[in-house]
Amino acid sequence: MGVRMRYRLHGKSGLRVSELCLGAMTFGSDWGWGGDDAASRAMFDAFAEAGGNFIDTAHVYTEGASERLVGDCVRADRDHFVVATKYTPHTGTDISKSGNSRKNMRHCVEESLRRLGTDYIDLYLLHFWDYTTPAEEIMRGLDDLVSAGKILYVAVSDVPAWQIARANTIAELRGWSPFIGMQVEYSLTERTAERELIPMAEELDLGVTAWSPLAQGILSGKFLGNGTDQPTRQQRDQIPQRSQEIAQLVVDIAKQVGRSPSQVALAAIMQLRPEAGVIPIIAGRNADQLKDNLGCLDLKLDPEHLAMLDAKTAIEPGFPYTMLGADFVKDMAFGRGNAALLDNHRMRRIGRR
């Protein structure tokens, strides 16, 4: 592959990240379906050779092996790479070592720094909402870690849009470090982030990274037909019929354009909503799988194929967006027929719904 990655600013910051992110959940074989040390290194090398500098891991991935392997990989040129890791969950039974509390935050960041073999983390994420810890405690705790130089930027994953917006408002009013990015599940089979989360990210200038952009391998087409006998998190008999139909459409388009289904699925979520700047988190069990994913970089899907994928995978916007996009509401808001005359960039989000 001759195409090298481009870079973008991550949200409302000066942090430069590559247009694809390397997911290190498959670094380490402790969970049964990841790559061993050699395979993990080969995936990292392929990603770095293509120009990638953005690496994502978490405190709990493969029982800590993921962070250790990421640290080993970036050590030779630590300042070049943007290392993101997360805190919140705990795989054991100690209640004090779980959740979003400031106490667990401190415990996790110290362990992550030790495993990564570094004295700072570029991007530190709250992994998911625990419905317990006050937003003020979370944002003040993260800001203190920034002030201490242990983390440089903060972000968030798997949290309701209104909680993210509220937390950032609190942080900005009090002069604390706000979230500059968020991770969401986003793929052709799961576009519900387009209801609240992605529009919020556009409005607040948050970087968006998409986890499971291939829907745990469904969109690679490997579960069609007789399926696969390789280790996988996904069970074929648990895949919804709609997801299988979407996978079949992706496979059909891939045949037409002479590319792999994975490349089509990744290119699609980058090109369906280009204004959102979605960064897919790519991964694999070996370097060959990762290199195939990298092939999405030079794939430009034509409008016809994008329209087919959009029509097959679009979500119902639901209330209040269905109502707000109706002509009678626009007539009441602007005067009859005037909405079409107003060149208002804020209405683009309404028009897409």
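Tutor: A residue is called buried when its relative accessible area is under 20%, exposed when that value is over 50%, and partly exposed in between, with a 1.4 Å probe and protein chains only. The model is predicted, so local features need pLDDT of at least 70 and side-chain atom pairs count only at pLDDT 80 or more, while totals for chains, interfaces and linings use all residues. Residues are numbered from 1 along each chain as its sequence is written, and side-chain values use heavy atoms, with hydrogens and water left out.

Side chains of opposite charge can pair when their charged atoms come close. A salt bridge is here a side-chain nitrogen of Lys or Arg within 4 Å of a carboxyl oxygen of Asp or Glu. The whole structure holds 19 salt bridges.

One of them joins R273 and E194, with 3.6 Å from N to O. R273 lies in the loop between α8 and β10 (279-282), and E194 in the loop between β8 (179-185) and α6 (197-204), so this pair ties together parts that are 79 residues apart in sequence. The names of these elements follow DSSP runs numbered from the N terminus: helices are H or I runs of at least four residues, and strands are E runs of at least two. With a relative accessible area of 6%, R273 is buried; E194, at 10% relative accessibility, also counts as buried. Through salt bridges that share partners, R191, E194, E202, R273, E275 and D310 form one network.

A second pair is D144 with R102, whose side chains meet in a salt bridge at 2.3 Å, N to O. D144 belongs to helix α4 (residues 135-147) and R102 to helix α3 (residues 102-116), so that distant parts of the chain, 42 residues apart, are linked. D144 is partly exposed because its relative accessibility is 23%, and R102 is likewise partly exposed, with a relative accessible area of 37%.

Helix α3 also provides E110, which is linked to K150 in the loop between α4 and β7 (151-157), 40 residues apart. In this salt bridge, the closest N and O atoms of E110 and K150 are 2.3 Å apart. Both residues fall in the intermediate class: E110 is partly exposed with a relative accessible area of 30%, and K150 is partly exposed at 27%.
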